[in-house]
Amino acid sequence: MPLPPVRAVSLCVAAALAFIAAQARADAASSAVRVNLESVDSLDIKRAQADDAASFASAERMEGSLADELELIGNAEVRRGGAVFTADRITYRHDTDEVTGKGNARISRAGASFSGPSMRFRITSREGSMDEAEWEYAPRNVRGCAKNIRFLSGNRTTFEDVSFTTCKRDDDSWFISMNDLEIDEYDLTASGTGAVLHFQNVPIFASPWFAFPISNQRRSGFLTPTYGMSSTRGVDISIPYYFNIAPNYDYTLTPRVMTKRGVMLGNEARFKYDAFNAQVNLDYLPSDRTTKENRWSTRIQADYQRDKLGANIDYNRVSDDDFITDFSGNIRESSESVLPQDYSLTWTDTYWNSLLRVTKNQTLKIDGGTTVVPYERVPQMVLNAYNSDFHGFEFTTTVDATRFTHPTRLDGTRVVLEQSASYPLRGAGWFIVPKAQIQGAWYQLNNLSRDHQYTDKSPSFVVPTFTLDSGLVFERDSHFFGREAYQTLEPRIYYAYTPYRDQSDIPIFDTTVSDLSFASLFTPNLYAGYDRVSEANQLTTVISSRWIDKTSGLELFRASVGQRQYFSDQNVRFLNTTEEANYFGNKDTPQSNVRSDLLASVGARLTQSLTASASAQYSSSLNRMMNVKTGLVWQPKRRSTIGVFYRYNYSAGSVTDSTYDDNIKQVDFSVQWPITERLYGLLRYNYSLYQKKPIELIGGFEYLHDCWTLRFAAQRYTTASNEQESNFFLQLELNGLGSIGINPISELRRNIRGYQTTGPLPTTADPYDYYE
């Protein structure tokens, strides 16, 4: 059967070109024919260079000579080395290796395409030009147009009177126009002059000169400015400049202009080596317009890790107590009152590790609040050893020697030795873990005059603990509202015995009362730390049940209930003296009840998009709820979520329910919901029923276009000093380019559970993703 004329001509030309290339190589080769085979893991487009690859041509009609000039007429196409040239009519000259196209000319290579009425291109040298061109770079979804495009020496491309955007065709919602643009594929940079950013046909930003990288490699230059507004700082504008000093270290200088405060200079230096990396931040505000003082903050973070040796530094300090409150942007940062200054050295081996640490701090005095000044460790030395299987036994050893200092309270040195041994027994649906532990603590106290109720300079105690942990897991086939599922029943029993040891002559250095939770139910000690070991003769029982979908493995429902039974009173007090009671705020809770509070939790996936959860802590001795947390989240589709939450906490040590620090009664509502197809409403409202006022409120909107997103949010919250702070966020995000303004996404994600935004564009592409 004869071939169609076009295909026949194409095959003949391709065969002829291949024969000429093969004949030339055969003349230059020796008479001996060698075949070299090479194994590769993947195809590499760079292996086929334009100067040694075969050429393929096709057209409706061909005229001329292969050795001189070849005319391709009608749907003409030439391919070589990953590049494709198409036009209504193409002329190829063999001596110059030049392709000239007229009518619907198009050049495509490496994901980039250029279209215009005509083109001229030398394939080997990759030089050419195209007038009145439209261009597109598919991997970054960028398109544009230019009066003239010149391809120079293969690695450089210049554009004259150019504009570009990431919007779809016939949509110029935003674009950047430039007098000229040069892209250097060797240096992976782009530079130009006369850039103007247009949004909705309104110029909003201009720069006489600019340069930016076209890869993930770092380059020196201005970063995207940010701006916002705050009730304490006024208009807030930051213009960062990035210095790419070397591949392993850089520096960013950020002038920050605040109309109510002045100009703050932000400095960030980063260092990275094989085993060491560090970051140094320093913010300095000369002569604050409000306080009339110089204000600053610094943070130094460093990590070193080589083989088994490690080191870490985390140093934080500010000029005054109000610095964080005045210059932070959210409620979490504004509530920080203790800034750590930690230095540590570690050694890690197979069965043991050691730590040498110095822990100091800067404690901030916040107006309207009470801050407990913690002890400083100067220094702390720790040795841990662990063997998970020594003839079936599990051994754990801890030696801790720490010197504690405090500016106003008694201090001293504490040495702790803790040794435990267990023999775990486990089966397919059961486990039994008997464990024995002994703990000793020896003290050398100083400055006893600061607390006259302590008289012994060298108190100590040694106390053993015996525990038995056991559990069963039952499983059966079941159904959950018509869905096939596995149902489990998981009872667990935990017994602990610790004899009473008098600890009334031992101060509190770094120990606290543990919050009651399902995790703490399976620990023998009511306290967290080495300064107190509670008396224990108690039995914990917990029973859990779960429904698990057979098909997907999703947990459809879970419920747990547990309680601890006491067989003897708790005689070990947490606080021994009046000074300690004043220091810790009367948080002494010796246990004399028959049983602990009852804990219960439940969680359910009611539908594919609706989930509910609840947990409660009930005190039978006080006959009241101590802690309640409930939540209901509905997320029917992407970027659509509604959450309703309730939080309640009662502190038995508080005098009245108005002690806000310990008692909480709050309702919380959050939503991200489409108002129209592109407009989304955003809201988070956290209201205190005790204080009868909002704790935190953030609201705004998000407009999602195909190629840009506009976000606005207003936030108001109560700081740790019981003052109201307001922040305003406005961000214009241009897809594929960057954003302008202050990014509110981190605040929205923290405040709105399940918040989602548009995904980022891919930064890399496979060479064959856009092959034509």
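This is a predicted model: local features need pLDDT of at least 70, side-chain atom pairs count only at pLDDT 80 or more; totals for chains, interfaces and linings use all residues.
Local features were considered at pLDDT of at least 70 and side-chain atom pairs only at pLDDT 80 or more, while totals for chains, interfaces and linings use all residues. Residues are numbered from 1 along each chain as its sequence is written, and side-chain values use heavy atoms, with hydrogens and water left out.

Helices (H or I, at least four residues) and strands (E, at least two) are DSSP runs, numbered from the N terminus; two strands pair if DSSP finds at least two bridges between them. Strand β20 (residues 295-306) pairs with strand β19 (residues 276-285) in the antiparallel sense over 10 bridges. Within this pairing, Ile300 of β20 is the bridge partner of Val280. Strand β21 (residues 309-318) also pairs with β20 in the antiparallel sense, over 10 bridges, and Gly310 of β21 is the bridge partner of Gln305. The hairpin of β20 and β21 has two residues between the strands, and Asp307 there takes a positive phi near 55°.

A disulfide (a pair of cysteine sulfur atoms within 2.5 Å) was assigned by distance, and the count comes to one. The disulfide joins Cys167 to Cys707, with an S to S distance of 1.9 Å. The link of Cys167 and Cys707 is right-handed, with 70° about the S-S bond. The pair links distant parts of the chain, 540 residues apart: Cys167 lies in the loop between β9 (156-165) and β10 (174-184), and Cys707 in the loop between β42 (693-704) and β43 (708-718).

Accessibility was classed as buried (under 20% relative accessible area), exposed (over 50%) or partly exposed (in between), with a 1.4 Å probe and protein chains only. Cys167 and Cys707 are both buried, whereas Cys145 counts as partly exposed because its relative accessibility is 37%.
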